[in-house]
Structures are given as structure tokens and as C-alpha cells.
Amino acid sequence: ADEDMRQKIELLQEENQNREAKQKHEAEGEEERKIIRRRMGYALEDFKVDQVDKCAAIESAQELLVMLGKGDFMCVIGPPASGKTLTMFQVASAAARAVDSYRMEGS
């Protein structure tokens, strides 16, 4: 009976250590994400969901390019695999087409 109790105690101690290690790892990961967000100039706690409707939706890369040409700026944020890189590629492609068109007209 004593041996069974000792094994149960050891098992509970091991489970507790594993749980504490997992919690520490998750807390460190969240802290690193906050640091990265701050370095990039925004933090999740700064994001106000009720203000999303106030943001202007941009319907095309060309429209964004025109806005950027006027001196506006943007910040593309979103979860992984949500299309941020593809969006920036489309903007860069639209810019390249605009430059080519301008050069053709000037020739």
C-alpha cells in the first residue's frame, strides 16, 4: 500500500511539473508575441474591434496604389495564411504596370 501511495505521489508531482512547464512556455510565448507586436508598431490590446467598420476597405491593388501615391499609408495585419503577402504582391505588380504604362506613354 505504501508503494502504491508513493507511486501515485510521484505521478502527481510529475504531472504538476509538466503542467507548470507548459504554462511557463505558453506565458513566455505570449510575451514574445507582445514584444514583436510592439516592435512592429502595434499591439493587440491597441486594436479596437468596434473601430474596424471605420476603416476604409480597399477594393483593388490599383486603388491602393493611387492612395499610396497621394501620401497615404497602410499597415497590413492579419492571421497567418490570410493573404497579406499576396496582397502586397498584387500592389507591387500594379505599381510595376503603372510604371511601364508611364514609360510607354513617355516614349
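## Helix α3 and its cover

Helix α2 is part of what covers the buried residues of α3. This is a predicted model. The buried residues in α3 are Val91, Ser93 and Ala94.

Helix α3 runs from residue 84 to residue 106. It holds 23 residues. From first C-alpha to last, α3 reaches 33 Å, close to the 33 Å expected at 1.5 Å a residue.

## Overall layout

The protein chain contains three helices and zero strands. Read from the N terminus, the order is α-α-α. Helix α1 covers residues 2–39, α2 covers residues 61–69, and α3 covers 84–106.

Burial is limited to 7% of the 107 residues in the protein chain. The chain exposes about 9600 Å². Carbon and sulfur atoms supply 56% of that area.

## Helix α2

Which residues of α2 are buried? They are Ala61, Leu64 and Leu65. These residues lie on the same side of α2, because they cover an arc of only 100° around the axis. In general, an α-helix has 3.6 residues a turn, so residues three or four places apart point the same way.

The cover over the buried residues of α2 includes α3. Just after α2 comes glycine 71, with a positive phi of about 100°.

## The nonpolar core

The largest nonpolar core has five residues in all: Ala61, Leu64, Leu65, Val91 and Ala94. Two elements, α2 and α3, each give two or more residues to this core. Helix α2 gives the most, with three residues.

Ala61, Leu64 and Leu65 are the buried residues named above for α2. Val91 and Ala94 are among the buried residues of α3. Ser93 is also buried in α3.

What does valine 91 touch, leaving aside its neighbours within four places in sequence? Its contacts are Ala61, Leu64 and Leu68. Of these, Ala61 and Leu64 also belong to the core.

Side chains of opposite charge can pair when their charged atoms come close.

Both partners sit in helix α1. They are three residues apart, so about one helical turn separates arginine 6 from glutamate 3. Are these residues buried or partly exposed? Arginine 6 is partly exposed, with a relative accessible area of 45%. Glutamate 3 is also partly exposed, at 42% relative accessibility.

Conventions
Residues are numbered from 1 along each chain as its sequence is written. This is a predicted model: local features need pLDDT of at least 70, side-chain atom pairs count only at pLDDT 80 or more; totals for chains, interfaces and linings use all residues. Side-chain values use heavy atoms; hydrogens and water are left out. Helices (H or I, at least four residues) and strands (E, at least two) are DSSP runs, numbered from the N terminus. Buried means under 20% relative accessible area, exposed over 50%, partly exposed in between (1.4 Å probe, protein chains only). Accessible areas come from the Shrake-Rupley method with a 1.4 Å probe; for residues, only the protein chains shown count as cover. The arc is that of the directions from the helix axis to the C-beta atoms. Contact means heavy atoms within 4.5 Å. A nonpolar core is a set of buried Ala, Val, Leu, Ile, Met, Phe, Trp, Tyr and Cys residues joined through side-chain atoms within 4.5 Å. The expected span of a helix is 1.5 Å times one less than its number of residues.
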